[in-house]
Amino acid sequence: MPNAAIDIGLKFDNSYAKQLEGFYVSHQGDKVPTPALLKLNHLLAEALGFELDHLQAEEVASIFSGSVSPTGAAPLAQVYAGHQFGSFSPQLGDGRALLLGEIINRNGERYDIHLKGSGPTPFSRGGDGKAVLGPVLREYIMGEAMHALNVPTTRALAVVITGEKIMRKELLPGAVLTRIAASHLRVGTFQFFANRNETDKAKQLADYTIERHFHELVEDQNPYLGLLRTVCDRQAALIAKWMLVGFVHGVMNTDNMTLSGETIDYGPCAFLDQYDPATVFSSIDKHGRYSYSNQPNIAQWNLARFAETLLPLIAGDKEEAVKLASHEVNAFSRHYQKYWLTGVRTKLGLTTIEEGDFTLAHDLHLAMEGQNVDFTLLFRGLADAVRGKTDVARKLFDTPGKFDQWHTRWAERLARESVEPEQRIASMNAVNPLYIPRNHKVEEALYAAEKESNYAPFEKLMTVLTNPFEKQENLSEYAEPAPESFASYQTFCGT
Ligand code: AMP
Ligand code: MG
């Protein structure tokens, strides 16, 4: 019997529950021993319209642990399938997560409120349905850092410690993350129904997705082709942003790719320290499938899987459908490159468009290869170079001459634009972050939290990362490259 609901001031409008029966199982989160709220993203909660001040701490903690539902919520576990490292799993789904419901904020935007680690569901496949503190805080840190870097992403709202000890490699503190998302519609959601040849369901899902995210397509001549085109475009924009900030997702399975174009499911992800296109952080990615430089290819591969699910909707004639869909998926590379080029121009301080810009930007990346260059500091250091202070950037190269050669060409290119240095530097510093979630700093924060119940390093890190473009006093350690010992940094899936 679920507990009595608690009013938290939100008006739920659960369209997924109402319109997509058969796409989920209603489910309640586990009761946990001593739930305690460890972190609340106050600004986000306020923007969403949460009213929590009148509640006891235990009530707030029980809501964000999933054991008590707020008034209006209709918790459910969503079903989906997915290609995991290239192999198809026909039956996945929320094995340790729940969609509490959807709310509409003051600006009329609809958001999913979703719990991760709230206990087993019918989709748990033998898993315990739980999450542990380290990975929960990692998702909090990475999601909020990405948001501050202007990368579309799900966001972290709250963390509760459950009081349970969860068995992984060792016993670890259990935790639940509350996150918000434009939706949790995944490529894998479509795959689940397409794989079962349930074309009616696939159509229902496509119509729902169009209605929810891409309303402008309702009038389209072929809305399903339009859906594919738009999702491909959003993903091209997203992956370009990842590449421009040096983000490596780590598990780009099709169940971890949204239709909304938001980054989702922060597992063994990390940011590049030294630039190496082959960078893989995840210990389970033995063949580099999800390496930094392979991310655009994999996104396109995933989109081809998405396209397959839409074929019967795109055209009655299969050959025609394949032709139309292939055209959209093939266009991904062009769109990706367009977004990347636009982004990298800003990073390089360019305000006009010239033919040679791609080669110029690409050659900087080639120059960085094998030079142990800190990716983030190099781009940030270019702002100094605008004023002729090239030392900061060139010192990052093992062979500084590699930078000098490139710098001459870049300086010539800048000279062809009439932009005041101050203005140029300001616009570069607005896209080239000084602070990213440095792997050693993330590990330091997680270790202190998990092993010592000391959350101060996590809190400090969050303060730094929510303002990544502006130099702040006394925070130089957060802008420094990792110590040598982090050269072969590995992340673990840590579910
Ligand atoms: P992820 O790797 O987090 O994207 O999850 C892949 C699939 O495994 C999803 O269906 C998850 O719900 C499920 N899963 C991951 N961890 C657990 C767990 N501890 N218990 C049950 N299901 C899990
Ligand atoms: Mg996932």
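Author: What follows starts at the ligand and then moves out through a few other spots.

First, some housekeeping: this is a predicted model, so to speak of local features pLDDT must be at least 70, side-chain atom pairs count only at pLDDT 80 or more, and totals for chains, interfaces and linings use all residues. Residues are numbered from 1 along each chain as its sequence is written, chains are lettered from A and ligands numbered from 1 in the order in which they are written, and side-chain values use heavy atoms, with hydrogens and water left out.

Now the ligand. Ligand 1 has 17 residues around it, and Gly93, Gly95, Arg125, Asp128 and Gly129 come nearest (a residue is near if one of its heavy atoms lies within 4 Å). Sort that shell by class and you get two nonpolar, eight polar and seven charged residues. (Ala, Val, Leu, Ile, Met, Phe, Trp, Tyr, Cys and Pro count as nonpolar, Asp, Glu, Lys and Arg as charged, and the others, Gly among them, as polar.)

Zoom in on the atoms. Gly95 uses its backbone: an N or O atom there sits 2.7 Å from a ligand 1 oxygen. Arg125 brings a polar side-chain atom to 3.1 Å from an oxygen of ligand 1, while Asp128 places a polar side-chain atom 3.0 Å from a ligand 1 nitrogen. On its own, ligand 1 has 480 Å² of accessible area, and the protein covers 85% of that (Shrake-Rupley method, 1.4 Å probe).

Next, helix α3, residues 57-65, where Val60, Ala61, Ser62, Ile63, Phe64 and Ser65 are buried. (Helices are DSSP runs of H or I, at least four residues, and strands are runs of E, at least two, numbered from the N terminus; buried means under 20% relative accessible area, exposed over 50%, and partly exposed in between, with a 1.4 Å probe and protein chains only.) Those buried residues pack against β2 (36-40), β7 (110-116), β9 and β10 (171-181), where contact means heavy atoms within 4.5 Å. Val68 is in the loop that joins α3 to β3 (76-78), and it counts as buried because its relative accessibility is 6%.

Arg155 is charged, yet at 18% relative accessibility it counts as buried. Its side chain makes a polar contact with that of His147, at 3.1 Å. (That's a pair of N or O atoms within 3.5 Å; within protein, one must be able to donate a hydrogen and the other to accept it, and residues adjacent in sequence count only if both atoms are side-chain atoms.) Leaving out residues up to four places away in sequence, Arg155 touches Asn41, Leu44, Glu144, His147, Thr178, Arg179 and Ile180.

Most residues other than glycine have a negative phi. Phe85, though, has a positive phi of about 50°; it sits in the loop between β4 (82-84) and β5 (87-89) and is partly exposed at 29%. Asn197 also has a positive phi, near 55°, in the loop between α5 (187-195) and α6 (199-213), and with a relative accessible area of 66% Asn197 is exposed.
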